[in-house]
Amino acid sequence: MDKVHIEKSIQSFPLLGLLQGVLYSSLLYVLLEWTPFSVLAVAFIVWLCTIIITGGIHLDGWMDASDAFFSYQDKEKRLEIMKDPRMGAFGALSVLVLLSSRLLFIYEITVFVSDLSFFLILFIPFMSKVVMGMVLLRVPAAKPDGLAFFFKKAGNPSTLNIYPIYLIALLGLIAVIDMHVLLLALFIVVVAVGCFFFIRKKSVTWFGGITGDVLGASVEGTENVLWMTLWLLHYFVMG
């Protein structure tokens, strides 16, 4: 792909995330309203969809980055570990914790689901993809090669100027539907921004910058934090 097409693909990250969110919300609604499946079965299908829809590519980054982080080696050694195609024990344990916690969050959201839930789910993959684009272009690369560096070269800070427009348009649509949803959605946005600042600092501290694996891990980590946020909102605000 040439630079123009790569830059446009970076600009489309949030739109792809929004499409994922529409799929998750629609699937949840259809399964709850039009099938005899139990709440657990519905939650499991939605959870499985979050894995299948990305082909597991980001999960691979999560596992590799976990193996590297829990090696407690220096940055250079951690980068070498992430290149190893074999999965270590820490990678296996970390993905187990990630996916099992996500299943818990989705299950309990399904148990307490309300009309607001379907709109708020849209923001989870949408904001995780916003964070991915911001991390890609605003955090230095850990090495001068690899997929992350390849994409990073094609973009520049102005590439992200379209992101606020997407966000304002989505929030405006939500505001027309329900102001209460808007406030909850803004809270999810704030949490996602917090994830970005955390990733920006720790990716440099732990790995010397971003790689394709670190980028994948940032997407999975952010998405899990946002599922957890929506889960907690059901307990303490929406309940």
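## Aromatic cluster, salt bridges and a nonpolar patch

Phe69, Phe70, Tyr72, Phe90, Phe198 and Trp206 are linked by ring pairs into a cluster. Rings of Phe, Tyr and Trp (its six-membered ring) pair if their centres lie within 6.5 Å; planes under 30 degrees apart count as stacked, over 60 as edge-to-face and the rest as tilted.

The model is predicted: local features need pLDDT of at least 70, side-chain atom pairs count only at pLDDT 80 or more, and totals for chains, interfaces and linings use all residues. Residues are numbered from 1 along each chain as its sequence is written, and side-chain values use heavy atoms, with hydrogens and water left out.

**Overall fold**

The protein has 12 helices and 0 strands. Both element types are DSSP runs, numbered from the N terminus (helices: H or I, at least four residues; strands: E, at least two). The radius of gyration is 18 Å, close to the 18 Å of the globule rule for 239 residues, so the protein is as compact as a globular protein of that length. That radius is taken over C-alpha atoms, and the rule is 2.2 Å times the number of residues to the power 0.38. Along the principal axes, the C-alpha atoms fill a box of roughly 50 × 40 × 30 Å. Of the 239 residues, 49% count as buried. Buried means under 20% relative accessible area, exposed over 50%, and partly exposed in between (1.4 Å probe, protein chains only).

**Aromatic pairs**

The whole structure holds 18 aromatic pairs. One of them joins phenylalanine 69 and phenylalanine 70 edge-to-face, at 4.9 Å centre to centre and 75° between the planes. Phenylalanine 69 also pairs with tryptophan 206: the centres are 4.6 Å apart and the planes lie at 55°, so this pair is tilted. Phenylalanine 69 sits in α4 (residues 57-69) and tryptophan 206 in α11 (residues 179-207), so the contact ties together parts that are 137 residues apart in sequence. Phenylalanine 69 is partly exposed at 21%. Phenylalanine 70 is partly exposed at 29%, and tryptophan 206 is partly exposed at 25%.

**Salt bridges**

The structure holds 3 salt bridges. Each is a side-chain nitrogen of Lys or Arg within 4 Å of a carboxyl oxygen of Asp or Glu.

| Lysine 77 | Glutamate 80 | 3.9 Å |

Glutamate 220 in α12 and arginine 102 in α6 are 118 residues apart, so their pair links distant parts of the chain. Both glutamate 220 and arginine 102 are buried. Lysine 77 and glutamate 80 are 3 residues apart in α5 (residues 75-83), about one helical turn. Lysine 77 is partly exposed at 37%. Arginine 86 is exposed at 65%, whereas aspartate 84 is partly exposed at 24%.

**Surface patch and cysteines**

A nonpolar surface patch of about 890 Å² is made by Val39, Leu40, Tyr107, Val111, Phe112, Met228, Leu232, Tyr235, Phe236 and Val237. Patch residues have over 30% relative accessible area and no salt bridge; like charges are joined within 9 Å, nonpolar side chains (Val, Leu, Ile, Met, Phe, Trp, Tyr) within 5 Å. Accessible areas come from the Shrake-Rupley method with a 1.4 Å probe; for residues, only the protein chains shown count as cover. The largest share, 4 residues, comes from α12. Tyrosine 107 lies in α6 and is partly exposed at 31%.

There are 0 disulfides, defined as cysteine sulfur pairs within 2.5 Å. Cysteine 49 is buried at 14%, and cysteine 195 is buried at 12%.
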